[in-house]
Amino acid sequence: MIIKKVYKLIRIVAAVMLLVGLFPQLLPGQANVSASSWDLVTEKIMAKDTANKTLELEIQGVLPLHEDYEVTQIIDGKKVEKSLKDVRVGAENVTVRVNHKGEIHKIFIEGPTPVENMRVGIMTTGFASMDHDKIEMSSPTGLTILDKRANASFEIGANEKIIFTAVSNVVTVKNQDGAEVYSTSNRLYVSTEEGSKIKVDNITRAAGVPSYRGIFEITAAAGKLKLINDVDFEEYLYQVVPSEMPASFGLSALKAQAVAARTYALGDYLGDRFAKDGYFVLDSVMSQVYNNTAENALTTQAVQETKGVIMYSKDGSLVDARYYSTSGGFGASKHQVWADGDGSFPGQAVPYLLAQSHTFDPNDSSKMLTIDTSDEQQILDFYKTLSYRGYDDTSAYFRWKVSFTKEELANTINSNIKGRYAADPNFILTKNESGEFVSQPIPAEGIGEFLNMYVIKRGDGGNIMELVIEGTTGTYKIVKEYNIRFTIRPQAAFTGGNTVLLHRATGGSSDYSASPLKDYSILPSAFFSFEIDGENGVTFFGGGNGHGVGMSQYGASQLGLSGWAFNDILTHYYPNMTLTDVSVIGN
């Protein structure tokens, strides 16, 4: 009788264990425990390495995924099969089941994952690197330093500076007098009172020493520190919008910018660009510039009055909300600027990122100008004409020109073409003996002497897609606008000559009367043509500043100041999209 009761008890226990394993949401509570035999662990997801199949949990650290791991999401009481893509960095609604080998065997996502915060990788001065040698912080209301793993914390007084350094994977904390306060290999959290900000004293931005909302996470690896700012999503935009668009552009344009920036940030979040590093976006142009320019009342108003508004494509996907500084009269199609993920170029057309005319027809200002962008003479005439008016004509980049001697042009090409080949070898091509353009290493001397140059292909908006350069060492094809702009760089450091002047003009001008720029870093855009003079060299005539895809910021400003509402501006620059609410993200 006793034996039967024991067997019955074993069967009950086994059944309960099976139910708990399959349906962890049945547990009355969730506990963070050490990962040993088939433990259920609910912790914040700090990083996700899809290539190496690991998840980093806040307390448990990095755990490998079992080769047959499964992901399940519980939505409205129903179990839905998901993938690792659906496990979000920063999520706190995730429970993992860990087997006896310390591997994650099952991942359960409880309900939708809300998008509440942005995790921003903060770079060093000049946006040079994510690797910090040291970090200095202070706050007018004091700081709290927390080590969650060790359950330890300490306070720093108002306006007192705290200094973090690293040796190997250990973070050392010192006060402003140099005395050591704490040392750990754990992640440290730095916070201040709500409504106050944390100053990072050893970083310089355009507006000076930056102060940040939210909290910071500091970790060490290989003797360097990594700094992540975890901040409310809308407050993140408070410090993006003024860094991407000046308040003088007007409220309507700023609202359009806020919606574009919010949508773009969500694209990075959903795309897992930096998931293995534990953040969603960088604070540089690699994502969107963040906290480079101080907040102001009008940009904050623009964010607040568009709270939660994002753009969705008609196919139900998030809009790829590209934007740029200035159109020279035409916008570009995305697929004719960037390659697709599989490397194909041109890529697949995107219905809301297509080339458009932004230039008024001089014979009828109620119409937009059209030209044949495959006709090189029409393109040259268009960019040599300064009198055109358009959405962007108040920008000094509406028209520009820059001249090189043949030797200077050869020098800048030779200084840069090998670097572009190393970075993008499938799109820096050399003509072989059979007359085919193939990917092969560039000679040590580059193209040698410059002989000739001509356009092979342009996009629908006139942007150059393929440029052929003939030199004494061979014939080379430069494909894609970024490679073209970074091969012909108008800087004396590359040309080997005198200061290179980039002459500029606003629309409706009779001459290049705007202030010229000295030794500009790259060609402002790929919307240009050129004239080759056998004796004097080459002059480039172009328009616009940036890649030309999506919303022109100068154009948005002029449209807004002329009475357009922000939604009309967005509909113009991103046709075939709808405005919706951020709440659609998370399932």
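**View 1. Lining of the largest pocket.** The lining of the largest pocket holds 14 nonpolar, 13 polar and ten charged residues. Nonpolar means Ala, Val, Leu, Ile, Met, Phe, Trp, Tyr, Cys or Pro; charged means Asp, Glu, Lys or Arg; the others, Gly among them, are polar. This is a predicted model: local features need pLDDT of at least 70, side-chain atom pairs count only at pLDDT 80 or more, and totals for chains, interfaces and linings use all residues. Residues are numbered from 1 along each chain as its sequence is written, and side-chain values use heavy atoms, without hydrogens and water. α7 (481-487) is one of the elements that supply at least two lining residues. The largest share, five residues, comes from α7. Helices are DSSP runs (H or I, at least four residues), as are strands (E, at least two), numbered from the N terminus.

**View 2. Lining of the second largest pocket.** Here the residues divide into eleven nonpolar, six polar and 13 charged.

**View 3. Helices α2 and α4.** α2 (233-244) packs with α4 (residues 297-304) at about 135 degrees, their axes 9 Å apart. Therefore α2 is oblique to α4. Axes are lines fitted to C-alpha atoms, for helices over the stretch in contact, and angles run from 0 to 180 degrees between N-to-C directions. Oblique is what remains after roughly parallel (under 35 degrees), roughly antiparallel (over 145) and roughly perpendicular (65 to 115).

**View 4. Residues between α2 and α4.** E234, L237, Y238, V241 and P242 of α2 meet T299, T300, V303 and Q304 of α4. Contact means heavy atoms within 4.5 Å. By class, five of these residues are nonpolar, three polar and one charged.
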